[in-house]
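Reader: I am new to this structure and would like to learn how to read its features one at a time. Could you take me through them slowly, giving the general idea before each case?

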Amino acid sequence: MKKPLLLVIVLAILSTTSFSQSSPIDFVNPLVGTRNMGHTYPGATVPFGMVQLSPDTDTTRYELNGAYNGEVYRYCAGYQYDDPTIVGFSHTHFSGTGHSDLGDFLVMPTVGKLQLNAGSKENTSAGYRSAYSHDTEVVEPAYYKVDLDDYGIKAELTTTNRVGVHRYTFPETDEAHVILDLTHGIYTYDEKNVWTFVRVENDSTITGYRQTNGWAKTRTVYFAMEFSKAFNDYGHEKDPAGVYKGFWKKFDESKNFPEMIGKELTAYFNFDMEEGEELVIKFALSSVSTEGAMKNLEAEMPHWDFDRVVQESQALWNEELSKVEVETITKKDKETFYTALYHTFLGPITYMDVDGRYRGLDQNIHTADGFTNYTIFSLWDTYRALHPLFNILQPERNRDMVHSMLAHYDQSAHHMLPVWSHYANENWCMIGYHSVSVISDAYIKGVITDEIDRALAASVVTSKVPYYDGLEYYMDMGYVPEDKNSSSVSKTLEYAYDDWAIAQLAKKAGNSAVAGEYMNRSTFYENVYDPISGFMRPKLSDGTFKKEFDEMDTHGQGFIEGNAWNYSLYVPHNLDHMIELMGGKDRMSEHLDSLFVMEIADKYIERTEDITRDGIIGNYVHGNEPGHHIPYIYNWTNDVWKTQERVRMIMETMYSNTPDGLPGNDDAGQMSAWYIFSAIGFYPVAPGADWYAIGSPNVKKVTLNLADDHKLTIEAKNQSAKNVYVQKVTIDGKAINRNYLTHSELLNSDNITFFMGSKPNKKWGKTSPK
């Protein structure tokens, strides 16, 4: 039957505007996680970029009346969606962390009376901050726009790797100002700024640096700043720090003086602007020198075409996001998926200049030879799923990240791989020595093949530093005693897993002696298991279990960011034995059922800022990392289908495409990496093993564009919101009756097909990995 012409036109329009026809960045919402505790930032950056140019919405300080100010925790990324004002746009931000730093070099355009303090959100006229509305925000990968309502200025941001690019459209005024606030920072306090320096090179070029003492104890960031238009005049205010003034009193340093030096310093630059006139600012960073910042600026931004940068940087995002082509049940699912993928590609970040030079852990200047140097290694979080995801989608980058970790080891006074490192500093956050997991996983999966003996030696030495976090007791007694070192159970369990990862690396290297030693150490989890309570439990140095024990509590119970219900299940490298210890497969299934449905009282979470109700299902805490593997443990019981049910429920209830669409801190991409793996149907329960536990995909079809032009298509037949249960799985048409996939199957197969149904197939997938 012939269709009417109008119907043909309508159908054509619908087909071209279908959500399956757009580019990946059209499905990314960088606002996801900016409300509540996701701790993401909405501003502009490129994949793994050194600059994260983003709005900061308040000036909340780390310290209040001499004590920790808990409100600062909300501002780990500088931006909270519900805030009514913008303070300005700074150039460095963490994504999703549960502690913070950075917020360097805040820039804010203003008109009218010059004000050099930020003021308050209750009274924006008292400072340089401005009210804004989400109605004027445009938030895309590599592009951010907002109207600053107090000034009638349109602000636009984009970046290259090492250069932030601002474009401000002004009203007509002879009182236009650009504020450069070097006192501003995230998690700031009175003594955080060690020193700041600004040098006016000419009437449109500024250079300088900022040195801070915060989460990173000795962090120096250099900059070069260029305006597209010469400023009329300039000046600064600074604190009257120190008794010694030298002979500088002969100058009026506050106005048109080309050197600005002090601990707390805010500069300004004045312009005349026509109605609708644009001012473009290029702002380059370096860890090495102002000369390095200028080289970065000249290499990456030799022109003034803002729109060209947006186009080129968004093309970079489309290239990276196109490594995964996904078809989903709903547009919401597709936006959730691509936003999660976007968040996983924000870091670790590039940490070297265009000439390969970077500041090392020893504070000397090094040159990366044959690799890109990276920083921001939130390893307690990211070893679990983010780095394993990179082994599939970003193998070259993960290889360079391992080389960056080995360079850190070479520069370390402690002869240790990174624990949690950023900006040429080890900040020692969290526990374990999880670099060894990342390194082992990369070698086991063939991402790296050279220098395995060097990597093994670094891993072994790291794991034997006696003064590190109870290791002397762990090595001597087979566990960390709670009366000698806190969070002892968590440390014992995580050390045991890390030791297993070292054993796998040693086996790969053919070193049987080291493999045997570390396989023995990997059994030390047994030493903190209490068969009477059925939980991992803190043990004292006299060999007895701590008497006062509450399995629902975290504080004082031997755990960190988790309780005994969640942490007792952390033996990812030997789940069969863990389940045997705890009563067998059926008992474990019942235990997991209880975990997901029981209630946890408010008193157990109200003192833990990393855990909120948003990320809890029963007593299962998805909003923090220690339990991310727990839904997959059913695969080692007689109820494999419950993994499928739980995983789909978590994806549906814990993640979305809205500003509150994360269940907790994104933790440098780990929370999002869990979603990506689970959405495509499997998860790396034990990085360092060559297998992935099968769950239940929520996508209809996904194509992974892998290295060497290999494409792997994963399809879920009969997919729907109700059909969450796996009926069978085939690999290139051949059925498998096991509940795991191997890494080599991902690399060498063309098609993996899930057949889904609304009722469990309780006979499928009884074989779990050993």
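Author: Let us begin with strands that lie side by side, where two strands count as paired if DSSP finds at least two bridges between them. Helices (H or I, at least four residues) and strands (E, at least two) are DSSP runs, numbered from the N terminus. Here strand β10 (residues 153-159) is joined to β11 by 6 bridges, and the two run antiparallel; they form a hairpin with 3 residues between them, and Ala155 stands opposite Tyr168 in β11. This is a predicted model, in which local features need pLDDT of at least 70 and side-chain atom pairs count only at pLDDT 80 or more, while totals for chains, interfaces and linings use all residues. Residues are numbered from 1 along each chain as its sequence is written, and side-chain values use heavy atoms, with hydrogens and water left out.

Reader: Which strand does β11 pair with through 7 bridges?

Author: That partner is strand β19 (residues 278-286), which runs antiparallel to β11, and in this pairing Gly164 stands opposite Phe283 in β19.

Reader: How many residues of β11 are buried?

Author: A residue is called buried under 20% relative accessible area, exposed over 50%, and partly exposed in between (1.4 Å probe, protein chains only). In strand β11 (residues 163-169), 7 of the 7 residues are buried, so the strand is largely enclosed by the rest of the structure. Val163, Val165, Arg167 and Thr169 point one way from β11, whereas Gly164, His166 and Tyr168 point the other way, and all are buried.

Reader: Which residues of α15 are buried, and where do they fall around the axis of the helix?

Author: Met588, Ser589, His591, Leu592, Leu595 and Phe596 are buried in α15. Seen down the axis of α15, these buried residues fall within an arc of 160° (taken from the directions from the helix axis to the C-beta atoms), so they line one face of the helix. With contact meaning heavy atoms within 4.5 Å, what covers the buried residues of α15 includes α13 (564-567), α14 (575-581) and α16 (641-654).

Reader: How many salt bridges does a search of the whole structure find?

Author: Side chains of opposite charge can pair when their charged atoms come close. A salt bridge is counted when a side-chain nitrogen of Lys or Arg is within 4 Å of a carboxyl oxygen of Asp or Glu, and a search of the whole structure finds 38 of them. In one of these, the side chains of Arg397 and Glu320 meet at 3.3 Å, N to O. That pair links distant parts of the chain, since Arg397 lies in helix α7 (residues 395-411) and Glu320 in helix α3 (residues 306-321), 77 residues apart. Glu320 counts as buried, at 9% relative accessibility.

Reader: Where in the chain do Asp469 and Lys491 lie?

Author: The side chains of Asp469 and Lys491 meet in a salt bridge of 2.7 Å, N to O. Asp469 is in the loop between α9 (452-462) and α10 (471-477), while Lys491 is in helix α11 (residues 488-509), 22 residues apart. Lys491 is buried, with a relative accessible area of 4%. Salt bridges can also link up into a network, as they do for Asp101, Asp104, Lys192, Arg210 and Arg219.

Reader: Which peptide bond is cis?

Author: The peptide bond from Gly347 to Pro348 is cis, with omega near 0°, and Pro348 is found in the loop between α4 (331-344) and β21 (349-350).
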